[in-house]
Amino acid sequence: MRKKIVAGNWKMNLDYEEGLSLFSEVVNIVNDEITGQQLVIVCSPFIHLYSLARLAKSSTKVSIGAQNAHQAESGAYTGEISAKMIKSTGAEYVILGHSERRQYFSETNELLAKKVDTVLKHALKPIFCIGETLEEREGGIHFDVIKKQITEGVFHLDAEHFAQLVIAYEPVWAIGTGVTASSAQAQEIHLFIRSEIAAKYGKDVADSTTILYGGSCNPKNARELFGQPDIDGGLIGGASLKSRDFVDIAKEFN
Ligand code: PGA
């Protein structure tokens with residue numbers, strides 16, 4: 001059975017104290033209310049990671065992740081953060097390839113492939129994001145775009161390393177817009193992604209890969225999305241900034 005995951009992406013929100021206080025609430029509610037096997041991940045800005053990883057020790061159901069990592073090991077890259085630094089905070093996951101990084105920081109599939117390698121080398125698990133823009137969907141090329149992102153971004157890995165990944169399908173037109181993909185639209189793409197993984201790595205690897213949906217996921221639409229056979233949870237932006245909403249989404253597996 002593959003892991004069910006709800007991951008929060010705080011993006012560039014919350015100062016240090018605000019982050020600690022939100023996270024403490026999340027851990028408390030998760031410990032009190034989540035009875036299933038699902039994992040809750042919080043991907044915070046770098047400044048919170050070390051403290052959150054310590055607080056997360058009080059829960060077996062909560063893990064911590066970063067939102068980016070540099071591709072190089074170390075060196076003269078002023079302002080950047082390495083995978084080794086992230087690992088040293090106690091974080092376990094790193095979001096890579098988020099559409100905001102692709103769009104605003106010109107991250108290409110080729111660059112992301114290097115980031116994936118560096119992150120895996122430091123025993124961190126990438127949450128690798130893919131997804132088409134509205135223009136690409138309307139142009140009917142969304143399957144091609146997703147296939148290219150996954151092929152160029154992660155299909156260079158051997159099966160053992162690929163098994164460390166979580167994949168997140170996030171249609172760009174659904175991120176932060178309040179427009180969610182319908183459960184049928186999301187399932188169609190998730191099934192496509194899983195079949196591409198099966199073609200490359202075989203059915204067993206495909207069946208054990210967690211594929212998350214992201215884009216305006218909220219406590220009202222999560223149950224229907226998570227009820228689809230190939231949707232294994234969510235990557236949550238806006239709603240992860242409210243402890244109640246975030247944990248309510250994570251409970252929609254119960
Ligand atoms: P959203 O963001 O839930 O606010 O749409 C999702 C994401 O960008 O990961």
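Reader: Which residues does Ser82 touch, not counting residues up to four places away in sequence?

Author: Ser82 touches Ala72 and Glu73 once those sequence neighbours are set aside; contact here means heavy atoms within 4.5 Å. Bear in mind that this is a predicted model, where local features need pLDDT of at least 70, side-chain atom pairs count only at pLDDT 80 or more, and totals for chains, interfaces and linings use all residues. Residues are numbered from 1 along each chain as its sequence is written, and side-chain values use heavy atoms, leaving out hydrogens and water.

Reader: Is Ser82 buried or exposed?

Author: Buried means under 20% relative accessible area, exposed over 50%, and partly exposed in between (1.4 Å probe, protein chains only). Ser82 has 6%, so Ser82 is buried. Ser82 sits in the loop between β3 (62-66) and α3 (83-89); helices (H or I, at least four residues) and strands (E, at least two) are DSSP runs, numbered from the N terminus.

Reader: Where does Ser240 lie, and what does Ser240 touch?

Author: Look in the loop between β8 (233-236) and α12 (243-250). Ser240 is buried too, at 0% relative accessibility. Leaving out residues up to four places away in sequence, Ser240 touches Gly8, Asn9, Trp10, Leu22 and Phe246.

Reader: How do α7 and α9 cross?

Author: Axes are lines fitted to C-alpha atoms, for helices over the stretch in contact, with angles from 0 to 180 degrees between N-to-C directions. Those of α7 (residues 142-154) and α9 (residues 183-201) come within 11 Å and cross at roughly 40°. That angle makes α7 oblique to α9 (under 35 degrees is roughly parallel, over 145 roughly antiparallel, 65 to 115 roughly perpendicular, the rest oblique). Among the contacting residues are Phe143 and Ile146 of α7, and Phe192 and Ile193 of α9.
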